[in-house]
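Work through the exercises below with the sequence and the 3D structure at hand. Each task is followed by a solution in steps.

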Amino acid sequence: MKMRTSLLAAAVLVAGLAVGPSVLPAAATAPAASTAAPSSPGPALEAAIAGLPRADATAALVRVGGTEGVWRGSSGVHDLKTGRPADPAARFRAGSVTKVFTAAVALQLAQEGRLDLDRSARSYLPELIPASYAGVTVRQLLNHTHGIPAPDFPGTTVEEAYANRFRVHVPEDMVRSATSKKREFAPGERQHYLNIGYTVAGLLIERVTHDSYERQVARRVLGPLGLRNTYLPGAAPRIAGPHNHGYQTMRLDDGTTGLRDVSVWRATDGWAAGDIISTTADLERFTDALFKGRVVRGPLLEEMFTLPEVTDFGTGEPAAYSVGLSMKVLGGREVWGKTGGRWGYNAAIASTRDGSRTLVYSVNSTDAKGQGMNRTAETIMVAAYGRP
């Protein structure tokens, strides 16, 4: 099963089975916005999250910042059973937003001379990376131009994934599964967004630091920025602390299609590519610090804002992913950031390069990890920045 999520690209996140309105209660509350500046997209954002819960999402938390204005909003419910309002300070699974943290740590290590972006991954992990992938560099792992295919996971449907939700996936085993296959393309020739490059990157971080990936992220990013509500869960299946429940459309035990609570789910298949848990406030602070050069300092920050000059493996379109981030032109200007999806949850961080407008959202989507972008998430993005 491919665990594919992306950023602001049009066909990247989630579209699933349609779910009838009868399975959802009426919206518990109107969107709650705290502040809005005259130049902010407040009215459009308020409209974007109005009416939750609905078929595609049960809750949404949104924060817009930057020099152009500030807006905060939340809508929907904490859970469908009680129908009480969504908690705007709730933790959530941020999925592939994790990749930005992983890339930042890797770039810090490169700045310290402990990791060489132009050196092969095999030279660091010779016992794990086979000779057939000897040409893959660290930079290619981070910008998805490595050519390593996805590992095998049990099942191909959301129902099969749910049945295996407590399985523990070992990073080394995922790498062995992926690298036992024929490469998709020669390293550096094309771009294919997959989790596997970041799984290897997490192992590289552990190899050169002689420490766990989780402790390195905490020591280098979470602690210095004061991100007290952000953590890496390891094999723990529950979201610690306050959180709004996530639901996924799937086939139920009685054979009907409906919503199942998927809040409790191990995310070890994502690990350094997609297991982080955070809040909108923490991710806004992280985004602001990252774009201001306070996380990755000096010339290496430009790695995050440089697209490789290759085409996408599947579409033939120009590459959209840099080291850690992705770029999309919205409303006539470049917007950089990252989306993430776990079952029942979608999230994103985004900003203009100059930080004039930042966006962080969490959408409790019912169609996560499908083939198209969740409707509520897409409407939020367009409201914040404009159309492609």
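A residue is called buried if its relative accessible area is under 20%, exposed if over 50%, and partly exposed in between (1.4 Å probe, protein chains only). This is a predicted model, in which local features need pLDDT of at least 70, side-chain atom pairs count only at pLDDT 80 or more, and totals for chains, interfaces and linings use all residues. Residues are numbered from 1 along each chain as its sequence is written, and side-chain values use heavy atoms, with hydrogens and water left out.

**Exercise 1.** Classify Arg54 as buried or exposed, and find the polar partners of its side chain.

Solution. Begin with the location: Arg54 lies in the loop between α1 (42–48) and β2 (57–65). Helices (H or I, at least four residues) and strands (E, at least two) are DSSP runs, numbered from the N terminus. Next, the relative accessible area of Arg54 is 17%, so Arg54 is buried. Then look for polar contacts, which are pairs of N or O atoms within 3.5 Å; within protein, one must be able to donate a hydrogen and the other to accept it, and residues adjacent in sequence count only if both atoms are side-chain atoms. A polar atom of the Arg54 side chain lies 2.5 Å from the backbone oxygen of Ala50. The side chains of Arg54 and Thr376 are joined by a polar contact of 2.9 Å.

**Exercise 2.** Describe the surroundings of Gln191.

Solution. Gln191 sits in strand β5 (residues 190–191). Its relative accessibility is 0%, and therefore Gln191 counts as buried. A polar atom of the Gln191 side chain is 2.8 Å from the backbone oxygen of Tyr321. Now list contacts, meaning heavy atoms within 4.5 Å. Leaving aside residues up to four places away in sequence, Gln191 touches residues including Asn143, His144, Phe185, Pro308, Asp312 and Tyr321.

**Exercise 3.** Determine how α6 is placed against α7.

Solution. Two packed helices are described by the angle between their axes and the distance between the axes. Axes are lines fitted to C-alpha atoms, for helices over the stretch in contact, and angles run from 0 to 180 degrees between N-to-C directions. The axes of α6 and α7 come within 10 Å and cross at roughly 135 degrees. The pair is therefore oblique, given that angles under 35 degrees count as roughly parallel, over 145 as roughly antiparallel, 65 to 115 as roughly perpendicular and the rest as oblique. On the α6 side, the contact is made by Pro171, Glu172, Met174, Val175 and Ala178, and on the α7 side by Ile196, Thr199, Val200 and Leu203. Among the buried residues of α6 (171–179) are Ser177 and Thr179, and the buried residues of α6 pack against α7 (196–209).

**Exercise 4.** Locate Lys338 and relate Lys338 to Gly95 and Tyr193.

Solution. Lys338 belongs to strand β11 (residues 333–342). With a relative accessible area of 1%, Lys338 is buried. Lys338 and Gly95 are 243 residues apart in sequence and 9.7 Å apart in space, C-alpha to C-alpha.
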